[in-house]
Amino acid sequence: MILLNPKKHNRPYREERSREIMLKTIDFFENKGKQKLKEDDRNRVWYEDFLDFIKENELFYNLLTPENYGDADCRWDTWRNCEFNEILGFYGLHYWYTWQVSILGLGPIWMSHNEEQKKRAARLLKEGHVFAFGLSEREHGADVYSTEMNLTPQPDGSYRANGEKYYIGNGNIAEMVSTFGKMADSGDYVFFVANYSHKNYELVKNVVNSQSYVADFILHDYPVSEAEILSRGQEAWDSALNTVNVGKYNLGWASIGICTHAFYEALNHAANRTLYAMKVTDFPHAKQMFVDAYARLTAMKLFALRTSDYMRAASPDDRRYLLYNPTVKMKVTTQGEEVINLLWDVIAAKGFERDTYFEMAARDIRALPKLEGTVHVNIALIVKFMANYFFNPQEYPHLEKQDQPRHDDFLFNQGPTRGLGNIRFHDYKEVYDFYNLPNLAVFKEQIALLKEFLAGATPDADQQKDTDFLLSLGEMFTLVVYGQLILENAKIYELDEPLVDQIFDFMVRDFAKFALTLYSKPSTTEAQMGYLQKMIKKPAADAGRFAKIWKEHVLALKDIYEMSP
Ligand SMILES: Cc1cc2nc3c(=O)[nH]c(=O)nc-3n(C[C@H](O)[C@H](O)[C@H](O)COP(=O)(O)OP(=O)(O)OC[C@H]3O[C@@H](n4cnc5c(N)ncnc54)[C@H](O)[C@@H]3O)c2cc1C
């Protein structure tokens, strides 16, 4: 089974410490129990117990320290970090969030050439500290170019920092807040570290209403020495974007963890509830919703896992991860919302109850598409790859599953963030042709029509500048990429073929939906409308396949997991 079941942890690791980290973390939450988990959530209790657990077991130290800065168990290994992400999401987004913003805070540090600060970060990690990433500002949101935080040079060679940062997780406790700003004189970008406990660091407030602390902080003439500068100019800019490249991938895993727990809870409830002398799960629409939720969740996980392979294998000559990674960010997280919507429609009132995990999931799943660049920002990025993806493929050596216990050094040496339009991809057709399945055949027809649309009714200059138009087109393109990596991993994980076909049942429906959306845009031409209309297709129905998936894959999960009380 591909979904996480904490009570039957079976993910393979090639060494013991990684498994131990996952099992200990599961034990921490199961021992804490569902009642206490929910009570802390309701009362917005600061998660001191979790931070103590991390510290005692040196978990962030092992998981987030590059091999040259820590002991033998330390490395940044995306294979194991994926599962750690998933487990934290499974038990609660707040716990995941303190880990996530530590990752972001560490990005500009590990990417810098400042050895002193790197050694300091490793020491703090060993002592059990968490980290923070001060990029966002209240007035500027996604527009990082307009950053106002600034450093003014002083006669003695040091600097004074002035400015406000907003929405900064762990900003209440991080001894190293990686802070992005500009030099007041030259306007050059700069990353420096600030310490929350300094008297010139004003912690204004927590801007959110939750267990997490998402800080608004102001630096008032905060003294910064040369030794506290992490990077400058282009390097500082690149490390901001490259850090987000690493971090935003994790958002998909938080969604996967949340959906998996919510799925078990919803299924246990519905399959054990009797109405009109039958089980709720006997309603045809309930079956449909569960099968759809399960197929979508399986696809989310297959895609995110396969993206990890490309991130781990990346190099200056292979930057394909830069397409797959924003796809995890925007597609996996929005699919997460879809999964929760489907489940909630079945369990209805139960999803509001204060003692359920689901009630948290329904709230928290909304966050993931919005953080670290919205869905729109990521689709705008994804469409830059479309021309090369469809019309200019390149051969690459076959990429196996990347589960080796090794440090992912390239993530901290990603280099310049420019030149995205030059990145080339292996031919998507290869894996689409590997399977011979009815829904895949329909989906391939839709892809062929999309290519014809792009070549025969190419969006004009105005349409290419119209983000409303581009977003719908981007959604269709994203589906092709999504399908490709799902198939690659279906092969690697030897997924049951009927399940692969069931996944492409929703892919066909989603493709048709986006085609209709684009069809309805004000600027779509007659020629474009013609192609789009042809893309509206119906999946290949197969009652036998559906019944098999329902019985063997979905209903089989009933009562296999329930969090300890
Ligand atoms: C709970 C929480 C925790 C956070 N933690 C951190 C943190 O630790 N550190 C940190 O630095 N930040 C953090 N953030 C900030 C977060 O990354 C921003 O919210 C996010 O980048 C988007 O900014 P915004 O919400 O202000 O939207 P805005 O920038 O105001 O965007 C408004 C709209 O414009 C669209 N838009 C903007 N630019 C583009 C574009 N180029 N193309 C297409 N559409 C565009 C957006 O999609 C959106 O719909 C956090 C936010 C929250 C809510």
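Contact here means heavy atoms within 4.5 Å. Helices (H or I, at least four residues) and strands (E, at least two) are DSSP runs, numbered from the N terminus. This is a predicted model, in which local features need pLDDT of at least 70, side-chain atom pairs count only at pLDDT 80 or more, and totals for chains, interfaces and linings use all residues. Residues are numbered from 1 along each chain as its sequence is written, and side-chain values use heavy atoms, with hydrogens and water left out.

Start with helix 3, residues 48–56. Four of its residues, Phe50, Leu51, Phe53 and Ile54, are buried (under 20% relative accessible area; exposed is over 50%, partly exposed in between, with a 1.4 Å probe and protein chains only). Seen down the axis of helix 3, these buried residues fall within an arc of 155 degrees, so they line one face. The arc is that of the directions from the helix axis to the C-beta atoms. An α-helix has 3.6 residues a turn, so residues three or four places apart point the same way. The buried residues of helix 3 pack against helix 1 (16–32), helix 4 (59–64), helix 5 (78–91) and helix 6. After helix 3 comes Glu58, with a positive phi near 50 degrees.

Helix 6 leads on to the ligand. Helix 6 (93–110), strand 3 (159–169) and helix 12 (375–382) each supply at least two residues of the shell around the ligand. Strand 3 gives the most, with 3 residues. In total, 17 residues surround the ligand; a residue is near a molecule if one of its heavy atoms lies within 4 Å of it. The closest are Tyr97, Ala142, Tyr167, Thr374 and His376. The shell divides into 10 nonpolar, 6 polar and 1 charged. In this scheme Ala, Val, Leu, Ile, Met, Phe, Trp, Tyr, Cys and Pro count as nonpolar, Asp, Glu, Lys and Arg as charged, and the others, Gly among them, as polar.

A backbone N or O atom of Ala142 lies 2.6 Å from an oxygen atom of the ligand. A ligand nitrogen atom is 2.9 Å from a polar backbone atom of Phe133. For Tyr167, a backbone N or O atom lies 2.9 Å from a nitrogen atom of the ligand. The protein covers 64% of the 980 Å² of accessible area that the ligand has on its own; areas come from the Shrake-Rupley method with a 1.4 Å probe, and for residues only the protein chains shown count as cover.

Now turn to Lys248, in helix 8 (residues 233–271). Lys248 is buried, at 5% relative accessibility. Not counting residues up to four places away in sequence, Lys248 touches Gln100, Asn325, Pro326, Lys329, Glu372, Asn378 and Leu381.

Gln335 sits in helix 10 (residues 321–347). Its relative accessible area is 3%, so Gln335 is buried. Neighbours within four places in sequence aside, Gln335 is in contact with Arg296, Met300, Tyr482, Phe506 and Asp510.

Glu359 belongs to helix 11 (residues 358–364). With a relative accessible area of 25%, Glu359 is partly exposed. A polar contact of 2.4 Å joins the side chains of Glu359 and Lys38. A polar contact is a pair of N or O atoms within 3.5 Å; within protein, one must be able to donate a hydrogen and the other to accept it, and residues adjacent in sequence count only if both atoms are side-chain atoms. Glu359 and Trp344 are 15 residues apart along the chain, and their C-alpha atoms are separated by 9.6 Å.

Further along is Phe443, in helix 15 (residues 438–456). Phe443 is buried, with a relative accessible area of 0%. Beyond neighbours within four places in sequence, its contacts are Tyr432, Leu479, Val480, Phe504, Met507, Val508 and Phe511.

Helix 15 also meets helix 19. In helix 19 (residues 526–535), Gln528, Met529, Tyr531, Leu532 and Met535 are buried. Down the axis of helix 19 these buried residues fall within an arc of 165 degrees, so they line one face of the helix. They pack against helix 15, helix 16 (461–465), helix 17 (467–492) and helix 18 (497–519).

Two backbone details remain. Tyr276 is not a glycine, yet has a positive phi of about 50 degrees. Tyr276 lies in the loop between strand 9 (274–275) and strand 10 (278–279) and is exposed, at 71% relative accessibility. Asp559, also not a glycine, has a positive phi near 60 degrees. Asp559 is in the segment after helix 20 (543–554) and is partly exposed at 45% relative accessibility.
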